[in-house]
Amino acid sequence: GCTSYTTAGPDVFYSVDLPNGATLAALVDGDFDESIYILDACPYSSPSQCLDGEDNGGTGEQVTYTNSTGSPQTVFVVVDGWTSSTSGTYTLTWSVQ
């Protein structure tokens, strides 16, 4: 996966159109052990798709990615849980600069 932890929980995907040269910063904070990562393709099939990922074993994870491809890029922010029964409510905030 995109982190050093198992992420077998339910996934929620968000599509973000990122202009060339722009940086995406995303933060998730929930009431469960969540993880967050950014993919360059959906669905996930290979670790090479991971642009950034974080799972600190608790709550409050943040990822960043700068598009340096030379053209606009669609990326996918994924909020995930540790196990198949790990889910809950969360707040996801992001910015593109």
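Close-up 1. Thr 86 is buried, at a relative accessible area of 13%. Buried means under 20% relative accessible area, exposed means over 50%, and partly exposed lies in between (1.4 Å probe, protein chains only). The model is predicted: local features need pLDDT of at least 70, side-chain atom pairs count only at pLDDT 80 or more, and totals for chains, interfaces and linings use all residues. Residues are numbered from 1 along each chain as its sequence is written, and side-chain values use heavy atoms, with hydrogens and water left out. Thr 86 sits in the loop between E6 and strand E7 (90-96). Strands (E, at least two residues) and helices (H or I, at least four) are DSSP runs, numbered from the N terminus. Setting aside neighbours within four places in sequence, Thr 86 contacts Gly 9, Pro 10, Phe 32, Asp 33 and Gly 81. Contact means heavy atoms within 4.5 Å.

**Close-up 2. Two aromatic pairs.** The structure holds two aromatic pairs. Rings of Phe, Tyr and Trp (its six-membered ring) pair if their centres lie within 6.5 Å; planes under 30 degrees apart count as stacked, over 60 as edge-to-face and the rest as tilted. Tyr 14 belongs to strand E1 and Trp 94 to strand E7, so the pair ties together parts 80 residues apart in sequence. Tyr 14 is partly exposed, at 26% relative accessible area. Trp 94 is partly exposed too, at 38%. The rings of Phe 32 and Tyr 90 have centres 6.4 Å apart and planes at 65 degrees, so they are also edge-to-face. Phe 32 lies in the loop between E2 and E3 and Tyr 90 in strand E7, 58 residues apart. Phe 32 is buried, with a relative accessible area of 10%. Tyr 90 is partly exposed, at 25%.

**Close-up 3. The open sheet.** Four strands form an open sheet in the order E1-E6-E3-E4, with antiparallel pairing. Two strands pair if DSSP finds at least two bridges between them. E1 and strand E4 (50-54) stand at the edges with a single partner strand each, so one side of each has no neighbour in the sheet. Neighbouring strands of the sheet are turned by 20 degrees against each other on average, direction ignored. Axes are lines fitted to C-alpha atoms, for helices over the stretch in contact; angles run from 0 to 180 degrees between N-to-C directions.

**Close-up 4. Strand E6 and its partners.** Eight of the nine residues of E6 are buried, so the strand is largely enclosed by the rest of the structure. E1 and E6 pair antiparallel over seven bridges. Here Ser 15 stands opposite Phe 76 in E6. E3 and E6 also run antiparallel, joined by six bridges. Ile 36 faces Val 79 of E6 across this pairing. Four bridges join E3 to E4, again antiparallel. Ile 38 has Asp 52 as its bridge partner in E4.

**Close-up 5. The nonpolar cores.** The largest nonpolar core has 13 residues; Leu 18, Leu 24, Ile 36, Ile 38, Val 75 and Val 77 have the most contacts inside it. Strand E1 (12-18), strand E2 (23-30), strand E3 (34-39), strand E5 (61-66) and strand E6 (73-81) each supply at least two residues of this core. A nonpolar core is a set of buried Ala, Val, Leu, Ile, Met, Phe, Trp, Tyr and Cys residues joined through side-chain atoms within 4.5 Å. Beyond residues up to four places away in sequence, Val 75 touches Tyr 14, Ser 15, Val 16, Leu 18, Leu 24, Ile 38, Leu 39, Leu 51 and Tyr 65.

Close-up 6. The structure holds one disulfide. The bond joins Cys 2 to Cys 50, at 1.9 Å from S to S. A disulfide is a pair of cysteine sulfur atoms within 2.5 Å. The torsion about the S-S bond of Cys 2 and Cys 50 is about -75 degrees, so the disulfide is left-handed. Cys 2 lies in the segment before E1 and Cys 50 in strand E4, so the pair ties together parts 48 residues apart in sequence. Cys 2 counts as buried, at 15% relative accessibility. Cys 42 is in no disulfide; the nearest cysteine sulfur, that of Cys 2, is 12 Å away. Cys 42 counts as partly exposed, at 40% relative accessibility.
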